[in-house]
Amino acid sequence: MKRILICEDEPGMATFLERGLGSRGYTTKVVSDGPSATAIATDEDFDLAILDLGLPDTDGLSVLRELRRRGERLPVIILTARDDTNDKVEGLDAGASDYITKPFKLDELLARVRVQL
């Protein structure tokens with residue numbers, strides 16, 4: 001069973017992602033801040049991470065950069081409300097595997113998850 005780390009600080013969105021992915025057979029773990037995401041992504045075995053950029057304490061781009069600096073090759077899908085082209089380019093240049101903007105359709109997210117896995 002594939003394990004997905006969800007880093008999302010908005011409880012409603014986190015629950016939606018957890019339920020949507022769980023109903024498709026994925027095991028999920030939710031964290032709501034950047035330091036937790038960094039620690040858990042490097043200490044535990046995940047197949048994929050879904051990462052919001054607007055996090056408390058440390059933003060998602062800093063988390064992603066730190067993971068890549070540590071040599072973590074975990075596929076990361078950025079899922080954020082930031083839809084500016086510069087934000088997308090910066091996220092992909094920082095090492096994201098994909099970039100999805102909110103609002104989104106669950107079916108599209110699931111398809112992108114399957115591609116990364």
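What follows is a short chat about the predicted model shown above.

Visitor: What should I know about the model before reading numbers off it?
Guide: The model is predicted; local features need pLDDT of at least 70, side-chain atom pairs count only at pLDDT 80 or more, and totals for chains, interfaces and linings use all residues. Residues are numbered from 1 along each chain as its sequence is written, and side-chain values use heavy atoms, with hydrogens and water left out.

Visitor: How many helices and strands are there in the protein chain?
Guide: Five helices and five strands. Both are DSSP runs numbered from the N terminus, helices being H or I with at least four residues and strands E with at least two. Along the sequence the pattern reads β-α-β-α-β-α-β-α-β-α.

Visitor: In what order do the strands sit in the sheet?
Guide: The open sheet has the order β2-β1-β3-β4-β5, with parallel pairing. Two strands pair if DSSP finds at least two bridges between them. β2 (27-31) and β5 are the edge strands, each pairing on one side only.

Visitor: Where does the chain go between β4 and β5?
Guide: Through helix α4 (residues 85-93), in a right-handed β-α-β crossover. Right-handed here means that, with the strands pointing away from the viewer, the path from the first strand over the helix to the second runs clockwise.

Visitor: Switching topic. Thr38: buried or exposed?
Guide: Thr38 is buried, at a relative accessible area of 10%. Buried means under 20%, exposed over 50% and partly exposed in between, with a 1.4 Å probe and protein chains only. Thr38 is found in helix α2 (residues 34-43).

Visitor: And what is Thr38 in contact with, leaving aside neighbours within four places in sequence?
Guide: Val63, Glu66, Leu67 and Arg70. Contact means heavy atoms within 4.5 Å.

Visitor: What about the whole chain, how much of it is buried?
Guide: Buried residues make up 42% of the 117 residues. Of the contacts with a separation of 6 or more, 64% are between residues 24 or more positions apart.

Visitor: What is the radius of gyration?
Guide: The protein chain has 13 Å, which agrees with the value near 13 Å for a compact globule with 117 residues. The radius is taken over C-alpha atoms, and the globule rule is 2.2 Å times the number of residues to the power 0.38. The C-alpha trace spans about 30 × 30 × 25 Å along its principal axes.
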